[in-house]
Each structure stands twice: as C-alpha cells, then as structure tokens.
Amino acid sequence: MPAQLNGNITGTIPIHIPEDQTNGYRRHHKHSRSSYSESSPLATSRSNSLIFRPPKRLMSSPDKTIAVINASGRQAASFIRVATAVGYHVRAQLRNLEGVVANEVEMNPNVTCIVGELYTRHQPSEANKDVTQNGPLRGVGVNHELINNLFRGAQLAFINTTFYGDEIQIGKALADAAKKARVQHYIYSSMPDHAAYNSGWPSVPLWAAKHKVEAYVRELKLPATFVYTGIYNNNFTSLLYPLFCMELQPDGSFVWQAPFHENVKLPWLDAEHDVGPAILQIFKDGVSKWAGERIALAYEYLTPKEACALFARGVGRPVKYVRGPIEVKVRIPVGYREQLEALEKLFRPDEPDPKKQPPYFGDPKLEESCPREALELWEGPRGLEEYAREMFPLEEEANGKTWMFDDEEEEPVEDEVVQATAASVEQLRIHDDEQDDDDDDEGLVMTTGRKRAEEEWLA
C-alpha cells in the first residue's frame with residue numbers, strides 16, 4: 001500500500017465508496033480507460049493480433065521518481081496512470097483523499113501520496129513574507145514543508161498549478177524546490193497571457209498566472225519543457241454550467257453557445273485519455289530534445305462548427321453551434337465571473353472578421369504546430385467524435401441524465417449551483433458534500449450530487 005505524507009509519513013487511510021454514492025460512476029469506470037467500445041473492430045483486431053506476437057523481452061523498470069501535484073486533476077491523473085504502468089514511481093500531492101480519482105491514485109502501488117494543501121492558512125508575519133496578495137484565497141502562505149517533501153528523491157516533475165492559494169507564489173516555490181532538488185526534467189503545464197503577445201488583447205486572469213510562473217521557471221534556467229493544453233473534450237455537459245454547456249433541446253438535439261467565431265479553428269484535447277501518454281513521451285525523449293520548448297497538446301484543430309459536426313456524429317443527435325455571449329444561468333462568484341468576462345472580451349462574439357480572433361494559445365506559431373507536434377508524441381488520441389460516442393453518454397448518465405434512453409423521460413436537474421472560480425475556464429474543481437462559508441473564496445464548487453461531484457476537473 002502506498003505511504004501517505006503530510007510533512008511526515010503516516011499510515012494508509014483506506015477509502016470506501018459505497019455503490020449508492022458513486023451515482024453509477026463505478027459501474028462505468030472500467031470503460032473510461034479504453035478508447036474503443038466493445039463493438040469496435042479495432043478492439044477485435046487488437047485482441048487477435050496478440051495471438052501472433054512473439055513474447056516480449058523482459059525490460060527493467062525505470063529507476064526514476066516523478067513529482068506530481070494536484071494528482072486527482074484530469075491531467076495529473078492521466079499521467080500517473082501511464083507512468084506507473086511502465087514502472088515509474090510517483091510522489092503525488094493530493095489536496096485530500098475524497099473522490100474516486102483520489103482513491104485510484106492512493107491505491108496505486110507505485111504512488112506515494114502526500115496529502116495536504118500547497119498553501120498554509122496562518123496570518124501574515126515578518127517571518128512569512130511570501131503571504132499571498134493575489135488569487136481567490138487571501139492572506140495565506142506557501143506550504144514550503146510539503147513542497148520540499150514532494151521533491152525529496154525525485155528526478156523528474158510534472159507540475160500543473162491551479163488557483164488554490166496564490167498560484168504565482170506556489171508556482172515559484174515549486175520551481176525553487178525543484179532546482180534545489182536538482183530535478184533533471186521539469187514539465188510545466190502552462191497557458192498564455194494574451195496581453196503579453198498583443199497589448200490590445202486582455203489578459204485572462206487564470207491563464208495569465210500560469211504565464212508568469214512559466215517566465216519564472218525560465219529565469220531559474222531549470223531544464224524545463226512547457227505544455228499548453230487545448231480545450232478539453234471532457235468539458236461538454238448538458239448541465240447548465242457556463243461556456244461549455246451542451247444544452248439539450250425539447251426535440252432531443254443539442255445546442256452549444258460560445259463567443260468563438262464559428263469559422264476559426266480551436267485546439268482540442270481529450271485530457272483524460274491523451275495527456276498522460278504525451279507527457280510520458282516527453283520524459284522519454286529527454287530534456288535535450290525539449291529544453292525550453294513550448295508544446296501544444298491538441299490532437300484536433302477544429303472550428304466550432306466542425307466540432308459540433310463531429311460531436312453530432314458521435315452522439316447520434318443534431319448538434320448546433322450558436323455564436324453568442326457566455327450565458328450564466330447559475331450563481332457564480334466574482335472570481336469566475338471575471339474569468340468569463342475576460343474570455344468574452346478576448347473572443348468577441350460581435351466581431352465578424354475571423355482574422356481578428358486571437359489565437360487560443362496566444363502565439364500563432366504554437367497554433368501552427370497543432371496537431372502535428374502532439375501526434376509526434378502520441379499517435380493514439382481519442383478524438384471528439386469518439387468521446388461523444390463512447391464517453392459523453394456515460395458521463396451524462398452518471399450526472400443523472402437519461403436522454404440516452406429513448407424510452408425514459410429526462411429527469412430535471414434541481415438547484416445546479418456554481419459557487420466559485422476555475423483553474424481555467426475549461427477545468428473545474430468539484431465537491432459533493434456541503435461546503436463551508438469559505439468556499440466562495442476557494443474554488444469552483446458544483447453541488448449537484450452527481451458524477452461531477454466525484455472528481456477534480458483541473459487543468
């Protein structure tokens with residue numbers, strides 16, 4: 001069993017999730033690990049091909065340890081699955097042990113869990129001058145003890161910071177600790193500050209923080225690589241959450257409304273399926289190939305109309321794209337509202353000229369590499385059509401939806417509540433249980449009692 005640490009090693013805390021609390025997720029969880037359905041001819045051909053293959057040569061396991069934070073987020077969890085499968089050991093920071101993904105990470109024999117926040121909640125003092133002045137959580141510090149413990153014995157690191165605490169200060173502390181530990185290859189999941197590319201473009205607050213962390217990592221001259229993730233296929237939901245709501249219509253079709261120009265291509269990624277293999281390949285290629293490079297992790301480059309056409313083919317229902325403002329149909333806090341407002345200013349829904357829409361990644365050169373460079377890392381991605389066909393109905397059913405059953409009526413969703421801010425507009429932190437008053441300052445909280453209450457949907 002993996003050890004768990006919070007500054008010190010403690011015993012393992014067993015987690016039991018009763019079937020009636022998983023909302024059907026456990027029943028379908030095994031299917032989410034495969035990109036092929038049981039009826040797919042690809043699945044059959046793969047099975048048959050094993051009969052004719054000679055036995056594989058025994059290979060030694062990689063003798064390296066990888067430091068990972070926010071380990072139950074989509075990116076980190078995807079990476080941990082593939083890295084540990086080939087023998088790497090992972091030291092994984094988890095905010096807590098709640099939820100099916102955290103339980104999966106904790107039970108992995110090749111993972112050492114370090115449970116605790118990357119921030120501290122003490123009062124500002126002269127002894128703690130790095131107390132945050134930015135971000136949703138005010139007046140907290142950086143948990144240097146946990147961060148130093150995270151990198152103990154680690155040779156590699158995959159770091160994806162989020163908005164919990166002061167993301168910039170935490171990002172800097174992580175980079176400092178990695179340099180002190182002499183980490184050989186540091187992969188940071190970044191995003192652009194559009195204002196840094198064009199003064200006429202607004203900064204998107206939760207992306208700009210990552211840009212600043214990236215700049216600091218470069219200043220330290222860490223042996224680092226920077227990955228930029230596209231829009232998650234997994235963001236789509238018929239629940240009434242802003243920006244990526246695939247709203248179910250009375251006739252059974254779906255409508256997606258967003259400010260993106262209908263004829264301008266955007267980068268797309270199935271984070272759950274494809275981040276892990278790509279990051280693993282970067283580590284295998286080595287820092288000599290990727291030092292200082294920015295890599296666009298996006299396996300499809302599609303306009304909103306093209307994305308809806310693929311989604312329609314996968315889900316077997318009409319899907320219409322409507323260009324328009326970001327509709328907020330649930331309560332959201334100031335922090336997340338500021339993020340959405342900045343996105344709407346950046347991708348103006350009233351701009352008719354497609355050439356005036358800024359590149360999603362800020363840098364046009366990064367956009368031009370989509371999806372060629374990502375496919376050099378991993379050739380087996382799960383596209384949007386495949387996601388819509390195989391995964392979207394499962395996630396919707398786990399969220400309490402019944403539209404996929406033609407003979408059943410759709411159950412209404414009651415009291416869909418969004419109560420805080422997002423790591424980026426696509427990537428969300430979800431809770432299931434009731435929250436404290438502090439939650440309005442802490443993160444995006446969706447209290448629906450459904451599948452999205454079981455996972456951390458982080459960058």
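Biologist: Where is the place of P371, in terms of the helices around it?

Modeller: This is a predicted model, and P371 comes with a cis peptide bond to C370, with omega at about -10°. Most peptide bonds are trans. As for its place, P371 sits in the loop between helix 13 (364-368) and helix 14 (372-377).

Biologist: And which loop holds N70?

Modeller: N70 isn't a glycine, yet its phi is positive, about 50°. Its relative accessible area is 6%, so N70 counts as buried. You'll find N70 in the loop between strand 3 (65-68) and helix 3.

Biologist: What about K221, buried or exposed?

Modeller: K221 also has a positive phi, near 60°, and K221 is not a glycine either. Its spot is the loop between helix 8 and strand 10 (224-229). The cut-off for exposed is over 50%, and K221 has 73% relative accessibility, so K221 is exposed.

Biologist: Let's zoom out. How many helices and strands does the protein chain have?

Modeller: The chain has 459 residues, of which 58% count as buried. Among contacts between residues at least 6 apart in sequence, 74% join residues at least 24 apart. The secondary structure comes to 17 helices and 17 strands.

Biologist: Which residues are linked with R74 and E395 in a network of salt bridges?

Modeller: A search of the whole structure turns up 19 salt bridges. Side chains of opposite charge can pair when their charged atoms come close. In the network that holds R74 and E395, the other members are D270, E272 and R382.

Biologist: E385 pairs with R313; which helices does that link?

Modeller: The closest N and O atoms of R313 and E385 are 3.3 Å apart, which makes a salt bridge. R313 is exposed, at 59% relative accessible area, while E385 is partly exposed at 21%. The two residues are 72 apart in the chain, and the helices linked are helix 11 (residues 304-315) for R313 and helix 15 (residues 384-390) for E385.

Biologist: By about how many helical turns are R389 and E385 separated?

Modeller: R389 and E385 meet in a salt bridge too, at 3.9 Å from N to O. R389 counts as partly exposed, with 41% relative accessibility. Both are in helix 15 and four residues apart, so the separation is about one helical turn.

Biologist: Now P304 in helix 11. What separates its C-alpha atom from that of L266?

Modeller: P304 is buried, with 0% relative accessibility. Leaving aside neighbours within four places in sequence, P304 has contacts that include W256, F260, L266 and Y321. L266 is 38 residues from P304 along the chain, and their C-alpha atoms are separated by 7.5 Å.

Biologist: W256 touches P304. Which residues have the most contacts inside the largest nonpolar core?

Modeller: Beyond its neighbours within four places in sequence, W256 contacts a list of residues, among them F236, W268, P304, C308 and V322. The largest nonpolar core has 80 residues, and those with the most contacts inside it are F151, Y186, W256 and F311.

Biologist: Last one: how is helix 8 placed against helix 12, roughly parallel or roughly perpendicular?

Modeller: The contact involves P205, L206 and W207 of helix 8, with E338, Q339, A342 and L343 of helix 12. Those residues divide into five nonpolar, one polar and one charged. The axes of helix 8 (residues 205-219) and helix 12 (residues 334-346) come within 8 Å and cross at roughly 90°. That makes the two helices roughly perpendicular.

Terms used:
Residues numbered from 1 in each chain as written. Predicted model: local features only at pLDDT ≥ 70, side-chain atom pairs only at ≥ 80, totals over all residues. Heavy atoms only, no water. Salt bridge = Lys/Arg side-chain N within 4 Å of Asp/Glu carboxyl O. Buried < 20%, exposed > 50% of the residue type's maximum accessible area, 1.4 Å probe, protein only. Contact = heavy atoms within 4.5 Å. Core = buried A, V, L, I, M, F, W, Y, C linked by side-chain atoms within 4.5 Å. Axes fitted to C-alpha atoms, helices over the stretch in contact; angles between N-to-C directions. Parallel < 35°, antiparallel > 145°, perpendicular 65-115°, else oblique. Nonpolar A, V, L, I, M, F, W, Y, C, P; charged D, E, K, R; others polar.
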